[in-house]
Protein chains: 2
Amino acid sequence: MNENPILEIDKLIHEPARLLIIRHLSLLDSGDFLYLLAATGLSKGNLSTHLQKLEKAGYIEIKKRFVGKKPQTILKLTELGRIKYEAYQETMKKLWQNSSDT
Amino acid sequence: MNENPILEIDKLIHEPARLLIIRHLSLLDSGDFLYLLAATGLSKGNLSTHLQKLEKAGYIEIKKRFVGKKPQTILKLTELGRIKYEAYQETMKKLWQNSSDT
């Protein structure tokens, strides 16, 4: 019955901080935690919380490794995350297109 | 400190159902409740709740009148609502532009 895809939008992606995180990851093969921290302007705690939610949903992968003696956290969009983000973008773009059509 | 306007986005507008309502009202001088009901695909209760929130924030005006014997509820974006929606659109458009730039 519901013809408005915006009402079915993926709220995991729609949340502003997560939208920003996913947008950055979508532009990269992978990014590390410190890069995302700088790129988004989120606090460490906030960024961690959002990353964990996205990992739990299977939208991103979180890998830890050492570069010399320094631990590094690498984030990457999964195939599922990429598909979901593309669907989200499609819906949002249609919304703006319809705005100027009508 | 926060350079990402998306993190400061107006959540009153960002919520999908309200975004849809405001988008429809932004295209009209004013619209009645039944029109919005059909245009959005929301339930009556849901639509009412969202309209009340938007009225409380001063983003829309709700006026009731009679057309013959039938009551009619007329909704209209206020000047504040229009300004807020334009600011919201600006931020979102920049987000998509940056996506393809970077």
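In this predicted model, chain A holds an open sheet of three antiparallel strands in the order 1-3-2. Strands here are DSSP runs of E of at least two residues, helices runs of H or I of at least four, both numbered from the N terminus; two strands pair if DSSP finds at least two bridges between them. Strand 1 (31-32) and strand 2 (60-67) of chain A are the edges; each has a single partner strand, so one side of each lacks a neighbour in the sheet. Eight bridges join strand 2 of chain A to strand 3 (residues 70-77) of chain A in the antiparallel sense, and Ile60(A) has Leu77(A) as its bridge partner in strand 3 of chain A.

Helix 2 (residues 16-26) of chain A packs on this sheet and touches strand 1, strand 2 and strand 3 of chain A. Contact means heavy atoms within 4.5 Å.

The largest nonpolar core has 52 residues, of which Leu19(A), Tyr88(A), Met92(A), Leu19(B), Tyr88(B) and Met92(B) touch the most other members. Such a core is a set of buried Ala, Val, Leu, Ile, Met, Phe, Trp, Tyr and Cys residues joined through side-chain atoms within 4.5 Å, buried meaning under 20% relative accessible area with a 1.4 Å probe, protein chains only. Beyond its neighbours within four places in sequence, Leu19(B) has contacts including Ile6(A), Met92(A), Trp96(A) and Tyr88(B).

Residues are numbered from 1 along each chain as its sequence is written, and chains are lettered from A in the order in which they are written. Local features need pLDDT of at least 70, side-chain atom pairs count only at pLDDT 80 or more, totals for chains, interfaces and linings use all residues, and side-chain values use heavy atoms, without hydrogens and water.

Methods:
Axes fitted to C-alpha atoms, helices over the stretch in contact; angles between N-to-C directions. Buried < 20%, exposed > 50% of the residue type's maximum accessible area, 1.4 Å probe, protein only.
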